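Visitor: Can you walk me through this one? I'd like to start with charged side chains.
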Amino acid sequence: MSCPICGEDIVIQFRPFCSKRCADIDLAKWLNGSYAVPSQREEDEEISISDAEDTVPRPH
């Protein structure tokens with residue numbers, strides 16, 4: 001089995017990665033939104049847009 005980040009052989013301690021570095025790279029991708037599960041539901045997009053609009057500060 002190979003590391004999904006760099007392709008090297010995995011190390012059992014860091015499975016499914018080869019090192020802590022590759023595990024951390026993968027975690028960072030999840031945290032910054034590089035990985036996402038697409039939705040087929042139309043209302044999800046509408047809710048996301050509504051939530052985003054609610055967080056934008058409005059001028060006084």
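Visitor: Where do K20 and D24 lie?
Guide: Both are in helix α1, four residues apart, about one turn of the helix. Helices are DSSP runs of H or I, at least four residues, and strands are E runs of at least two, numbered from the N terminus. This is a predicted model, where local features need pLDDT of at least 70, side-chain atom pairs count only at pLDDT 80 or more, and totals for chains, interfaces and linings use all residues. Residues are numbered from 1 along each chain as its sequence is written, and side-chain values use heavy atoms, leaving out hydrogens and water.

Visitor: What does K20 form with D24?
Guide: A salt bridge, with the closest N and O atoms 3.1 Å apart. The term means a side-chain nitrogen of Lys or Arg within 4 Å of a carboxyl oxygen of Asp or Glu.

Visitor: How many salt bridges does the whole structure have?
Guide: One, from a search of the whole structure.

Visitor: Why does D24 count as partly exposed?
Guide: Because its relative accessibility is 38%. Buried is under 20% relative accessible area, exposed over 50%, and partly exposed in between, using a 1.4 Å probe and protein chains only.

Visitor: And D26, buried or exposed?
Guide: D26 is buried, yet has no salt bridge. The nearest side chain of opposite charge is K29, 6.3 Å away. Lys and Arg count as positive, Asp and Glu as negative; His and the chain ends are not counted.

Visitor: What is D26 in contact with?
Guide: Leaving aside neighbours within four places in sequence, I5, F17 and Y35. Contact means heavy atoms within 4.5 Å.

Visitor: Change of topic: how many helices and strands are in the chain?
Guide: Two helices and zero strands. Buried residues are 8% of the 60 in the chain.
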